[in-house]
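I opened my notebook to look at one structure. My plan was to go through it piece by piece and write down what I found.

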Amino acid sequence: MPALPQSSLKAALAACKHSFVAVGFFSLFINFLMLVPAFYMLQVYDRVIASGSESTLLMLTLILTLLLVTLGGLEWVRSRIMVRVSTRLDTLLGSRVFDASFKQALFSGGMNASSQPLNDMSGLRAFLTGNGLFAFFDAPWMPIYMGVMFIFHPWFGWLGVLSALLLIALAYANERLTNQALQQASQEHLAATAFTQKSLRNAEVVASMGMLPQLRQRWQSKNNKVLRLQSIASDRAGTIAAAAKTFRLLIQSLVLGLGAYLVLEQEISPGLMIAGSILLGRALAPIDLMIGVWKGFSMARTQYVRLNELLLEVAVPPKRMPLPTPQGNVAVQALTVTPPGAELPAVRGLNFDVAAGESVGIIGPSGAGKSTLARALLGIWPAQQGKVRLDGADVFSWHNDELGAHVGYLPQDIELFEGTIGENIARFGPIEPHAVVQAARLAGVHELILRLPSGYDSVIGASGGALSGGQRQRIGLARALYGNPKLVVLDEPNSNLDDQGERALNQALQHLKACGTTLFVITHRPSVLAHIDKLLVLREGMQALYGPRDAVLAELQAAQQQAAAQSRTTERVQ
Ligand SMILES: Nc1ncnc2c1ncn2[C@@H]1O[C@H](COP(=O)(O)OP(=O)(O)OP(=O)(O)O)[C@@H](O)[C@H]1O
């Protein structure tokens, strides 16, 4: 499939242009054929009844049947074309929207993590395959009916034009009065859904600390807002729909009245009177339908705008020549990183080199910027200034899918995915049993997995259920070590581990060192530092110290002793 330029929704729709033209073309014929019942009526009244000819009636009825069957066939084809268009859009955009949702979540630091774009996509698809859309294809052919009505009698024509203008005015009022409320309701609904999802994910915290009533209240106030806005829009739309319906009924009778008057005045035949009434009904039907489906149309338009913005914002990564497997040389050059959504940088002006196979411990107080640095090292968050280079290439310019194979990452909050333990360790790629077991052994979790009833085939629930925090951390470690990555970043890998787990972790670190893997370990606990070559100390986002482990530890110790001596002197003076 060819890549779409910027892959905006517009480009995808443009790719379906021929289908839209075909639907427009079919609509022209459909609307011509819609004239048939009116002409049949005209002929029956004026010709058959006047002449009493049964054979004419039969002929006319046969022609009517043939034309109406053709009309049905065209309608059928038209709706099938739109179903194909919606499927095509999905094929063209589905994976792009999926990827863009991910990138959006990534660049917003998880603040904008939602499957809304995919919901928007299916909403748009549903609108394209629904009946409402055809009202928009039929409306432009309204002049055909008006023209025929003018031919019947100019007064008919003018009545038709006047009624259409009035209904269009009602449709416009509908748009003006309901659109803003509908848009706001949609935004509020998204916020309420996100809030509910987050609360449900943290059900244990909510239940344990009795937070449910407060959360319910919050949700209720958000939901009430949605309901209020929706009621406003629905009330207004309802008023306009009722006015439109009344007007339509009235005009339907008025046209008959006008026809009767013209018959009495001997301006037209009785057949034209009936046919004119049918024609007007047909001409106004698309506008009527448009008013009825306006809510759906407005929603589809919001979904379109949202999707388009997302796809424009999250550009398709440019195609680059694949780089060779990295050795693992890391160079951090004047690196400043601001987390997405934050105003100030979390790390500033970092400068250090790590040779392939070296291991670096990153320490520092909470909020010093350690996890931010980890994300920048892996090309997850872009550098605001400076660069992180892996074997000379800017790590942010690597394609995530390519770099991922050479990288292992154990984040602070480990999330496993719904699937088997084996699939999770193999990162959901094709499972190589030998490599999975090797990674599990390295993480010291192989025996533990074998003790589970289904071993590596044990299914983990969506929230990593059935596993303890320590077990999750060790399986997360196995996932990070899978496939012998060249660069491994472990963010507090021992936060949930017992002694046995710590021993396994230390063995894993030794193994990585023996394999020549470049390793970064963020830790608050000194037990992991035994197998580390260098230490980086961060303070308030700045590089306080960097160098060989023992030298840095000695400097830290000296600084601590000096601080202690100073505080003793101050106490004595006081
Ligand atoms: N997604 C985010 N959005 C906004 N600010 C963030 C985000 N992530 C981190 N920060 C900010 O960046 C700073 C550094 O955070 P970071 O998580 O890197 O610290 P840390 O040293 O890893 O802390 P800890 O040891 O507690 O894990 C903090 O002030 C934090 O508020």
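Where is the place of D391? I looked it up in this predicted model. D391 sits in the loop between strand 4 (385-390) and strand 5 (393-394).

Next I checked the backbone there. Phi of D391 is near 50°, a positive value, and D391 is not a glycine. I noted the background: most residues other than glycine have a negative phi.

Is D391 buried, exposed or in between? I found 18 other C-beta atoms within 10 Å of D391. Buried needs 20 or more, and exposed needs 12 or fewer, so D391 counts as partly exposed.

I then turned to R427. R427 is not a glycine, yet its phi is positive, about 55°. I found R427 in the loop between helix 15 (421-425) and helix 16 (433-442). R427 has 16 other C-beta atoms within 10 Å, so I wrote it down as partly exposed.

Helix 11 came next. Helix 11 covers residues 270-292, which is 23 residues. From its first C-alpha to its last, helix 11 reaches 33 Å. That is close to the 33 Å expected at 1.5 Å a residue.

Where does helix 11 bend? I located the bend at A285, and its angle is about 35°. A proline, P286, follows within four residues.

Last, I looked at the chain as a whole. The protein chain is divided into domain 1 (94-313) and domain 2 (330-573). I noted that the C-alpha centres of domain 1 and domain 2 lie 51 Å apart.

Notes: Residues are numbered from 1 along each chain as its sequence is written. This is a predicted model: local features need pLDDT of at least 70, side-chain atom pairs count only at pLDDT 80 or more; totals for chains, interfaces and linings use all residues. Helices (H or I, at least four residues) and strands (E, at least two) are DSSP runs, numbered from the N terminus. The expected span of a helix is 1.5 Å times one less than its number of residues. The bend at a residue is the angle between axes fitted to the seven residues ending there and the seven starting there. Domain bounds come from an automatic or database domain assignment.
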